[in-house]
Amino acid sequence: MTKRYGMFLSVLFCAFLCGLGALHLTLPDRAWSETENRTLAKRPDFTATSIADGTFMTDAEDYIADQFPGRDGWTGLKARAEQLLGKSEFRGVYLCGDTLINRGDEPGEQAEKNLGYVSALAETAEVPVYLGLIPTASEIWGNRLPAGAPVPNQSAFIRRALEETGLSGVDYLSALQGRAGEKLYYRTDHHWTSLGAYYGYAALCEALGEKAVSIDSFTPKTASRDFNGTLYSTSGVHWLTPDTIEYYVPEEGVTVTAPQEGGEESLPLYDRAYLAKKDKYSSFLGGNRPECVVKNPNAATDRKILLIRDSYADAMAPFLSQTFAEVHLLDLRYYRLSPAEYARENGVDGIVVSYSVQNFVTDKNLVFLRR
């Protein structure tokens with residue numbers, strides 16, 4: 001009986017593998033993973049060159065892994081099994097109760113280069129330059145992490161960055177540390193929530209000598225209750241309750257424009273089309289763009305500011321529009337011209353280099369600050 005049972009299991013396992021192989025061959029390849037929010041590997045070309053240099057086997061492994069039948073389900077099942085075994089870190093993401101927190105990278109050579117690029121911008125620009133480094137959840141919610149979890153000391157890096165550059169800083173750190181008990185970050189995504197972005201806006205206003213609009217002036221409106229963000233995608237932890245996205249600032253009177261060939265494109269402050277997609281955070285300003293300008297003739301001041309920024313600024317821009325008549329935003333991943341020249345041409349009153357610490361220490365595009 002034991003021998004027959006063993007043979008049965010062997011046959012069953014072989015049939016299972018053959019079935020997966022058949023599915024892999026017959027199912028159409030997917031170009032995009034909504035769950036992981038990324039492009040999936042394509043079938044590699046079989047050439048003499050790719051065989052000789054070894055790239056074919058590497059690309060084939062990526063292709064098979066990405067196009068594996070039921071990949072999203074298997075990824076989630078793997079994470080759940082690892083959790084049952086006592087694991088709390090999943091692909092660089094910690095599971096902290098009902099919250100996912102990214103481990104982050106230690107500042108290294110790239111961080112030092114980026115500090116130099118910021119200093120170079122300050123020497124070239126004709127208006128004041130401010131440095132604002134946004135601490136991520138691992139810094140503000142460090143008490144939620146597993147005991148002994150190795151995460152970078154972002155507070156120390158922020159202090160050192162301001163000392164080395166000699167620039168005035170936007171004190172996002174203190175603004176968030178003092179409110180660590182509030183819902184400052186999404187539980188399944190690395191970005192701050194609209195509430196966290198408000199506190200960032202208030203800190204930026206203080207640094208620039210302006211008074212922030214009171215949070216009591218806004219009535220938050222729920223935009224979505226089923227947001228599963230980047231950490232949901234990365235970790236494979238797919239069983240947490242989705243996040244809620246809220247909009248605080250009314251759209252009336254606020255315009256958003258982006259340059260396009262032959263003119264300008266009008267954009268919504270909140271692009272609700274993204275609420276039907278996986279990447280719901282991109283509903284703020286419509287996601288990543290090289291350049292856009294948010295204008296409000298009814299703003300509290302007539303000042304113009306330029307943010308050289310990462311995606312954290314998308315959720316903060318609506319608040320900034322209530323204080324500054326023009327908010328110019330440049331994303332150096334796509335914008336390749338001189339930021340200092342842009343500031344001169346558009347008559348801005350100040351430049352803020354605003355990045356999350358995690359993005360600042362790894363981003364290789366800040367080199368364009370020195371143009």
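Biologist: Why does Tyr-172 count as buried?

Modeller: Its relative accessibility is 0%. Buried means under 20% relative accessible area, exposed over 50%, and partly exposed in between, with a 1.4 Å probe and protein chains only. So Tyr-172 counts as buried. Trp-192, also with 0%, is buried.

Biologist: What should I know about the model?

Modeller: This is a predicted model, where local features need pLDDT of at least 70 and side-chain atom pairs count only at pLDDT 80 or more, while totals for chains, interfaces and linings use all residues. Residues are numbered from 1 along each chain as its sequence is written, and side-chain values use heavy atoms, leaving out hydrogens and water.

Biologist: How many aromatic pairs does a search of the whole structure find?

Modeller: The search finds 19.

Biologist: Why is the pair of Tyr-172 and Trp-192 called edge-to-face?

Modeller: Rings of Phe, Tyr and Trp (its six-membered ring) pair if their centres lie within 6.5 Å; planes under 30 degrees apart count as stacked, over 60 as edge-to-face, the rest as tilted. Here the centres are 5.9 Å apart and the planes stand at 80°, so the pair is edge-to-face. Tyr-172 is in helix H8 and Trp-192 in the loop between H8 and helix H9, 20 residues apart. Helices (H or I, at least four residues) and strands (E, at least two) are DSSP runs, numbered from the N terminus.

Biologist: What kind of pair do Tyr-247 and Tyr-270 form?

Modeller: They form a stacked pair, at 3.9 Å centre to centre with 10° between the planes. Tyr-247 is in strand S9 and Tyr-270 in the loop between strands S11 and S12, so the pair ties together parts that are 23 residues apart in sequence. Tyr-247 and Tyr-270 also belong to one aromatic cluster with Tyr-186, Phe-227, Tyr-281 and Phe-284.

Biologist: How do you know that the charge of Arg-144 sits over the ring of Trp-141?

Modeller: The test needs NZ of Lys or CZ of Arg within 6 Å of the ring centre and within 35 degrees of the ring normal. The charged end of Arg-144 is 3.8 Å from the centre of the Trp-141 ring. Lys-277 lies over the face of Tyr-274, at 4.6 Å.

Biologist: Is Arg-91 buried or exposed?

Modeller: Arg-91 counts as exposed, because its relative accessibility is 53%. Its phi is positive, about 55°, although Arg-91 is not a glycine. Most residues other than glycine have a negative phi. Leu-285 has a positive phi too, about 65°, but at 2% relative accessibility it counts as buried.
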